[in-house]
Amino acid sequence: TTLFRSALILSFLGGIHWGIAMRMTAPPAALLVWGVVPSLVAWMAVVMPAYAGLVIHGLMLVVCYVVDRRVYPRHGLGHWLTLRFRLSAVAAFCCFFGAANT
């Protein structure tokens, strides 16, 4: 279902931060902590009713994008932000639309 797919997407978005951290000899703790936050929030939202869980997923997709706008350029990944914005906007819209129709 949409809830599980969006939870997987959020988990991967967090995992990217772990990938960035693994490229460093001494990664900042904030990068590692943020790497698990989207997963924890996403999987907690999975057990909620769809109308609430999908809203949380949509909001987390937006929050992840805002965080990544700050993190990616510092690590040479800024060129992905245009595509990332488009994908995040569509995914968040789908979550909000799905929540409205449940």
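Contact here means heavy atoms within 4.5 Å. By that criterion, residues 24 or more positions apart account for 65% of the contacts with a separation of 6 or more in the chain. The model is a predicted one, in which local features need pLDDT of at least 70 and side-chain atom pairs count only at pLDDT 80 or more, while totals for chains, interfaces and linings use all residues. Residues are numbered from 1 along each chain as its sequence is written, and side-chain values use heavy atoms, with hydrogens and water left out.

The chain contains 4 helices and 0 strands, where helices (H or I, at least four residues) and strands (E, at least two) are DSSP runs numbered from the N terminus. Along the sequence the pattern reads α-α-α-α. The C-alpha trace spans about 45 × 25 × 15 Å along its principal axes. The radius of gyration, taken over C-alpha atoms, is set against a globule rule of 2.2 Å times the number of residues to the power 0.38. For 102 residues a compact globule would have a value near 13 Å, and the 14 Å of the chain agrees with this.

Turning to the interior, 39% of the 102 residues count as buried, that is, under 20% relative accessible area with a 1.4 Å probe and protein chains only; exposed means over 50%, and partly exposed lies in between. A nonpolar core is a set of buried Ala, Val, Leu, Ile, Met, Phe, Trp, Tyr and Cys residues joined through side-chain atoms within 4.5 Å. The largest such core has 15 residues, and Leu 10, Leu 13, Leu 54, Met 60, Leu 61 and Cys 64 have the most contacts inside it. Two or more residues are given to this core by each of helix H1 (2-22), helix H2 (29-46), helix H3 (50-74) and helix H4 (81-100). Another core, of 8 residues, lies apart from it and includes Ala 21, Tyr 72, Leu 77 and Leu 81.

Leu 61 also has contacts beyond its neighbours within four places in sequence: Ile 9, Leu 10, Leu 13, Arg 84, Ser 88, Ala 91, Ala 92 and Cys 95.

The accessible surface of the chain comes to about 6,100 Å², of which 75% belongs to carbon and sulfur atoms. Met 22, in helix H1, is exposed, with a relative accessible area of 56%.

Methods: Areas by Shrake-Rupley, 256 points an atom, 1.4 Å probe, with all protein chains shown as cover.
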